[in-house]
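The exercises below concern side-chain contacts in one protein chain. Work through each task with the structure in view, then compare the solution.

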Amino acid sequence: MSNKSFSQCFEIESILVDACDNGADEGYNEMFRMKIGANPLNTSNLSINWPAQSWLGLVQNATTATKVNQLNAAILAAGGCGQILEPTGGVLPANATVVVVTSPNLDTTLNSFGALTSTIYMLFQNTPPSANAGHFGNYNATPALRTLSVTFGTGCSDSVSYQRANLVNINGTVGGSISDLNGSTVNFTPSGTASYINNGCIAPVQPFTVDAGNTPLNACPGQSLNLTGTAQGQATVSWSTTAGIFSAYNNLNTTFTVPSNATSGNTITITLTVTNSCGATKSDQITVNVTGNTLTLNSANNTQTICAGNTITPIQYTFGGGATGATVTSLPTGITATTTGNTITITGTPTSAFSYTISTTGGCGTVTLNGSVSLSNNATLALDSANNTQTICAGNTITPIQYTFGGGATGATVTGLPTGITATTTGNTITITGTPTSAFSYTISTTGGCGTVTLNGSVSLSNNATLALDSANNTQTICAGNTISPIQYTFGGGATGATVTGLPTGVTATTTGNTITITGTPTSAFSYTISTTGGCGTVTLNGSVSLSNNATLALDSANNTQTICSGNTITPIQYTFGGGATGATVTGLPTGVTATTTGNTITITGTPTSAFSYTISTTGGCGTVTLNGSVSLTPYPGQPIPLIDSTICSGDTTNLMIGISPFTPSTTLNWQVIAAVNVTGANSGSGIAPQPINDILTSTLGGYVIYRITSTLGNCTSLYTDYRINVNPQPTPILKNGTICVSPSGSTLQTFTLDTGLNDSDYNFLWYDSNGNLIPGATNATFEVDQIGTYSVIAIDAITGCTSDPTLTTATATITQTIPASSLTVIQSDYFSENATITANVLNGTGTLQYYLDEGPIQSSNVFTNVSSGTHIISVIDTDGCTFLQKEFLIIDYPKFFTPNDDGYNDTWNISTLNQPDAKLYIFDRYGKLIKQLSPTLNSNGWDGTYNEKAMPSTDYWFLLEYKENGVAKEFKAHFSLKR
């Protein structure tokens, strides 16, 4: 769409109407491109009518030169050989390409000029830092035409129009969010016809791009594909690949043929490379997937063995790749293959074994797989010998029983076997062997094949001989010459009798019924054996008789000789009497030690008053047994001598000297830290008495340590004694670095007070200068400093006497100096604006300056925007409190009306606040007639509302003001009202 007045002196070619920005500075980054005609053009005649902003003129200075240098460096880094220039003397050469940027505040990193291959000229609109609004009014999608008009004076102008609703977003469609439309560009033909594109964050110059096309592509071996690449800014193109050939490798549109021997499932990479006139290259790649038929067995059941007359387990195959189907051959009667989607299922009941073949159809190549189904025979099971029913004696091994399985049977299982009986398989034979613990019946059944064959068998046990002792006296101890207690045994089961061997003279065995009794008076100790006769197996039992002449006495533990600490209890000593002994007596025990008898055990316990020896002797039985023992006493060590609690300062040594009473040489002192509250540095230890404890204790909050002391001599340890040491904290003064204010001549204008954070009533202080010298008279918690340098302090606790660590970093502060600023000037820009800009300029001073307007917030910037008209006060301070400057100023504006009724208020009209004697102020009526010329100064009387001494009517009047703003000549037109 266009509303164009075309001129051959130049033409508008492209507009970046939606520049990429940082969120709030689009108005700095917009630009358009134009082409100069056959004659040079002077930029002094340039005027632009933006769709959404006013033309502010051009600027060319160090800032714009820096921007151009940054862009040229980016072009070189991107592989370009072109460059951006600013016009010399404001003249644009004939046939030059020109890019106009909306602001010198352009961010050169946002909208790339890429690999530029030609020379272009760049112009910058003189946009102030505060004017960051967009110039093209593209902030929504409501249909509307936008027109850009450019003129270089009479007869040399051009204008183009575009529809903002047609802007293309980053996705190649119309509309979307604000961020989606970044990069929207409109190009124009010489006749002004608009076309809409979006190259992303690219300046309105031809980009250097390449696109090899859609990826991936699928093709069979030997197949040809049509490739269509796109590129911009290229001089040459070149296709390359890992395999295959091109019909024309140096054309964007070409045909690619896949190698005939390519393997299905492999990937071929194709690269499109473009080179610009600078020799820079860019590449893009696409991939070709080589496809072929596939055929997959879904489960491992293509080979089956079934019983005759049974249905096969369904067999499934999936075909794919380029295959359109599959065929199955050699299926017998009763078996069918059905296709659902890309799956073929083989099912049915075969009449015989069979093999089959499945092959893909359609697509690239043929894939063939095979399978088969076998029919299984009926199972058989045979007993190899007639011994499956047996009777054996208990404990005997059975005669091995064997079975042979066959037919379709793959094995056999045996159930009902007891402990000791096992069934083992060798080939197709199962053998049952072992020694049973009881009679049993069993079942053997075939496994595998078609059908199950089951056979049975059993094993019975014959009665075994038994022999039982009727009383628990088969083992006796008697005194010599005594008669044994009769010993009786009973035989049974299959046993018919029993024999006894090993009996000495005087001892006999007699049988009555099924009972054998052993009696008599032995002449010596003996052992005997009794064994059954008859029945299954022989049962044998043993017995013995011992002769005892002496009693027995045994020490239960090796503690009959002890050494104990004086006053301690002995470890209990135990003896056991036996044999014929009926008791025991103990002699030699001192006061405090007793012997007590429990059963056949005597225990000696107690606390002896002296060392002693004792004797213990048996009573009763055959003979007397006597044993001896003794207990020795070791002296008790001296007790650690108690001390009163002590108090030290943090960082001091404990200096404890520990003694014992009474003193015994070679006594060892042992100490443990049983409490350390808010204290570090306490350690446990030991040493020969007397012994010092020299721990260095530290505490920041104040606390205490308790040492527990014991003395040891040999195996004896004393009672403990506790020692407590209180630890007072060191004072911790905390100084902060500061600044003093110093005049340029070096005199101190403002001191700084160092404050320890402590108070004078609790602490005393010593202050030191940079050279470590004590400052006389400085004894308070604070110290006023009037010289730069490094100062330190030591604090002394007035109650505890503890002093601060002189090496504390917090007890040292550095004082620097700041020179205050000397003067303040205020510059106003944007006269006659409801939102003026004020800049405060400060001379001299070394501090970090801060500014505030009237009673407003403090800021670091010296620029204030949107300042209303009227009188204001601007204040300047520094962060060190050395500078304080104020200046009252007046925001220049014009009165909107006046009332010449001689009441003393607003009787005349003038712009006296401008106060420029060289300025000229012209007042016109609504028809353009000059009514009055004034000098806008503070002393001027202004217009009184008359013309040729006649009162002018109440209405609006126009004025023209010729003035200078910050040294630049300007004009201002507006109107005001006369009210009567």
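**Exercise 1. Describe the link of C565 and C716: its handedness, its place in the chain and its surroundings.**

Step 1. The link of C565 and C716 is left-handed, with -115 degrees about the S-S bond. C565 belongs to strand β48 (residues 561-565) and C716 to strand β63 (residues 716-717), so the link ties together parts that are 151 residues apart in sequence. Strands here are DSSP runs of E with at least two residues, and helices are runs of H or I with at least four residues, numbered from the N terminus.

Step 2. The sulfur atoms of C565 and C716 are 1.7 Å apart. A disulfide is a covalent bond between the sulfur atoms of two cysteines.

Step 3. Both C565 and C716 are buried. Buried means under 20% relative accessible area, exposed means over 50%, and partly exposed lies in between (1.4 Å probe, protein chains only).

A note on the basis of these values: the model is predicted, so local features need pLDDT of at least 70 and side-chain atom pairs count only at pLDDT 80 or more, while totals for chains, interfaces and linings use all residues. Residues are numbered from 1 along each chain as its sequence is written, and side-chain values use heavy atoms, with hydrogens and water left out.

**Exercise 2. How many disulfides does the rule give, and which parts of the chain does the link of C393 and C536 tie together?**

Step 1. The count comes to 9 disulfides.

Step 2. One of them joins C393 to C536, with an S to S distance of 2.4 Å. At -50 degrees about the S-S bond, the link of C393 and C536 is left-handed.

Step 3. C393 is in strand β32 (residues 389-393), and C536 is in the loop between β45 (526-533) and β46 (540-547), so the pair ties together parts that are 143 residues apart in sequence.

Step 4. C393 counts as partly exposed at 23% relative accessibility, whereas C536 is buried at 12%.

**Exercise 3. Locate C741 and C882 in the chain.**

Step 1. C741 and C882 form a disulfide with sulfur atoms 1.6 Å apart. Their link is left-handed, with -90 degrees about the S-S bond.

Step 2. C741 lies in strand β65 (residues 738-742) and C882 in the loop between β76 (870-878) and β77 (884-891), so placed that the pair links distant parts of the chain, 141 residues apart.

Step 3. C741 and C882 are both buried.

**Exercise 4. How many salt bridges does the structure hold, and is R33 buried or exposed?**

Step 1. A salt bridge is a side-chain nitrogen of Lys or Arg within 4 Å of a carboxyl oxygen of Asp or Glu. The structure holds 2 salt bridges.

Step 2. R33 is in strand β2 (residues 31-36) and E13 in strand β1 (residues 10-16), so the pair ties together parts that are 20 residues apart in sequence.

Step 3. R33 is buried at 17% relative accessibility, and E13 is buried at 17%.

**Exercise 5. Which residue forms a salt bridge with R708, and over which ring does R708 lie?**

Step 1. R708 forms a salt bridge with D722, the closest N and O atoms being 2.9 Å apart. R708 lies in strand β62 (residues 703-713) and D722 in strand β64 (residues 721-728), so parts that are 14 residues apart in sequence are tied together.

Step 2. R708 is partly exposed at 27% relative accessible area, and D722 is partly exposed at 33%.

Step 3. R708 lies over the face of Y720, at 3.8 Å from the ring centre. A charge sits over a ring if NZ of Lys or CZ of Arg is within 6 Å of the ring centre and within 35 degrees of the ring normal.

**Exercise 6. How many aromatic pairs does a search of the whole structure find?**

Step 1. The search finds 25 aromatic pairs. Rings of Phe, Tyr and Trp (its six-membered ring) pair if their centres lie within 6.5 Å; planes under 30 degrees apart count as stacked, over 60 as edge-to-face and the rest as tilted.

Step 2. Y403 and Y442 have ring centres 6.4 Å apart and planes at 80 degrees, so the pair is edge-to-face. Y403 and Y442 are both buried.

Key:
Disulfide = S-S within 2.5 Å.
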